[in-house]
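Here are a few exercises to work through with the model open beside you. Try each task before reading its solution.

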Amino acid sequence: MVTAMRVAILLATLWTAVMGADFPEAEISNGTLRVRLHLPDAANGSYQGTRFDWSGDIASLQYKGHEYFGKWYEKHDPKIHDAITGPVEEFRSGGDSSLGYSEVGDGGTFVRIGVGTVRKPAGETAYQMFKTYEIVDPGKWTVTHGKDWITFVHRLTGPRGYAYEYVKTVRLKKGKPEMVLEHALRNTGDKAIETSTYNHNFFVIDNQVVGPDVTVGFGFDPKATRDLKGMAALKGRKLEYSRDLEKGETVMSEIEGFGDSAKDYSFQIESKKAGAGVRIHGDHPIQRILFWSIRSVACPEPYIHLEAEPGKTVKWTVSYEFYTTGG
C-alpha cells in the first residue's frame with residue numbers, strides 16, 4: 001500500500017516537527033513492528049504529569065506502512081495530564097482516588113504508582129484525576145532494552161509504609177505483528193496495596209477521523225449505560241458511528257455485559273478507510289469498562305483489580321495483535 005506508506009512517513013515527519021526531538025527516547029523492532037518510545041525522565045521527559053504511569057509511552061508504532069499511535073490532542077505540554085500517546089495506563093485506588101490519598105490532610109503526601117510520591121494541596125477535599133500534582137519524590141527509574149524489548153523498573157519508598165517495585169516490559173513477538181505489555185508489581189512496603197489499573201488505548205490509526213469508518217468490537221455482548229446521543233450505537237458486539245465526530249463532541253459511556261472470566265478482556269479497533277486494525281487481549285477479568293471517544297481517537301478503557309500484600313507480587317499482561325485488511 002504505497003499511499004499508506006506515504007501517510008506513515010508524513011505522520012512521522014509531522015510528529016517530529018510538533019513534538020520536537022529533545023525528549024529522551026528509545027526504539028525497538030522485531031523486523032515486523034517498529035516502535036518508538038518516550039522514556040521516563042522527571043526533568044526532560046515528554047510526559048511529566050501525575051495521572052498516567054510514565055513507562056510504555058509509545059510515540060509511534062508502525063506496521064506495513066500504517067501508523068497506530070500519535071498525537072491525538074491539540075497541545076503538547078509535558079505537565080498536561082493527558083498529553084501522552086500510546087496504550088498508556090493509570091492506577092487508581094479507593095474508587096477514583098489514589099493510593100494513600102484518603103489518609104492525609106493538607107500538605108500530606110500520597111502515592112501515584114508509576115509516577116512517584118506527590119503532595120496534596122491545602123483545601124483539597126477529593127482527588128483530582130485531571131490535575132498535575134507537585135511531585136515530592138519521583139522514585140528511581142531503571143530502563144534496559146534489547147533489539148525487540150524494553151523494560152522499565154520503577155522503585156519507590158513512599159509515605160506511611162507504602163513501597164513497591166513496578167516492572168513493565170514492552171515485548172515484540174518474534175516474527176509476528178504482536179506486542180505484549182508484561183507487568184509485575186511487587187509490594188516492598190509494610191502496608192497492603194489494593195488498586196485498579198486500566199489502559200486508555202489511545203490508538204490513532206493513520207490519523208483517521210473517528211466516524212463510520214471506525215468500529216470498536218467487544219468480546220462479549222456490550223450494553224451502554226449512557227445515551228450515545230445518536231452519534232454512535234451498539235450493534236451486536238460492535239460499536240458503530242452514525243457520522244464523523246466534530247471537534248468538541250464526545251461519545252462516552254460505562255459498558256456492561258462482561259463476565260468474570262478473562263476471556264471477556266477482548267477488544268478490536270479497526271479503521272476501514274486505513275485498512276488496519278488491532279486486537280487487544282488481557283489475562284485478567286474485567287472489573288469495569290469506560291468507553292470514551294472524540295474526533296481523533298476511540299478508546300475502550302478496561303479496568304482490572306490488583307492486590308498485593310507486603311512481600312507479594314501481582315502480575316498481568318495485555319497483548320496487541322496488529323493487522324491489515326488489504327492483504
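**Exercise 1. Classify R34 by its accessibility, then describe its salt bridge with E27.**

Step 1. R34 has a relative accessible area of 45%. Buried means under 20% relative accessible area, exposed over 50%, and partly exposed is in between (1.4 Å probe, protein chains only). So R34 lands in the partly exposed class.

Step 2. A salt bridge here is a side-chain nitrogen of Lys or Arg within 4 Å of a carboxyl oxygen of Asp or Glu. For E27 and R34, the closest N and O atoms sit 2.9 Å apart.

A word on the ground rules: this is a predicted model, where local features need pLDDT of at least 70 and side-chain atom pairs count only at pLDDT 80 or more, while totals for chains, interfaces and linings use all residues. Residues are numbered from 1 along each chain as its sequence is written, and side-chain values use heavy atoms, with hydrogens and water left out.

**Exercise 2. Take the salt bridges K131 to E124 and R171 to E182, and say where each partner stands in accessibility.**

Step 1. K131 and E124 meet through their side chains at 3.0 Å, N to O. K131 is partly exposed at 30%, whereas E124 is buried at 10%.

Step 2. For R171 and E182, the closest N and O atoms are 2.9 Å apart. This pair ties together distant parts of the chain, 11 residues apart: R171 is in strand β11 (residues 163–172) and E182 in strand β12 (residues 178–187). Strands are DSSP runs (E, at least two residues), numbered from the N terminus.

Step 3. R171 has 31% relative accessible area and E182 has 26%, so both count as partly exposed.

Step 4. Now zoom out. Through shared partners, salt bridges join R51, E90, R92, D96, R112, E254 and R288 into one network. The whole structure holds 24 salt bridges.

**Exercise 3. Place Y164 in the fold and find what its side chain reaches.**

Step 1. Y164 and R186 are 22 residues apart in sequence, yet their C-alpha atoms are 5.5 Å apart in space.

Step 2. The Y164 side chain gets to the backbone nitrogen of G114 at 3.0 Å.

**Exercise 4. How many cavities of 30 Å³ or more are there, and what lines the largest cavity?**

Step 1. On a 1 Å grid over the protein atoms alone, a cavity is a set of points where a 1.4 Å probe fits but cannot get out, and lining residues have an atom within 4 Å of a point. Grid points are joined across faces, edges and corners, and a volume is the space filled by probe spheres set on the points. The count is 3.

Step 2. The largest cavity has a volume of about 90 Å³. Its lining includes F203, I205, V214 and E270. β19 (266–271) gives the most, with 3 residues.

Step 3. Sort that lining by class: 8 nonpolar, 3 polar and 1 charged. Ala, Val, Leu, Ile, Met, Phe, Trp, Tyr, Cys and Pro count as nonpolar, Asp, Glu, Lys and Arg as charged, and the others, Gly among them, as polar.

Step 4. The second largest cavity holds about 80 Å³ of space. Of its 13 lining residues, T197, Y265, I304, W316 and V318 are the closest to its centre.

Notes. 1 Å grid on protein atoms, 1.4 Å probe; cavity = no way out; pocket = protein on both sides within 12 Å on 5 of 7 lines; lining within 4 Å. Helix = DSSP H or I, 4+ residues; strand = E, 2+ residues; numbered from the N terminus. Polar contact = N/O pair within 3.5 Å; in protein donor to acceptor, adjacent residues only side chain to side chain.
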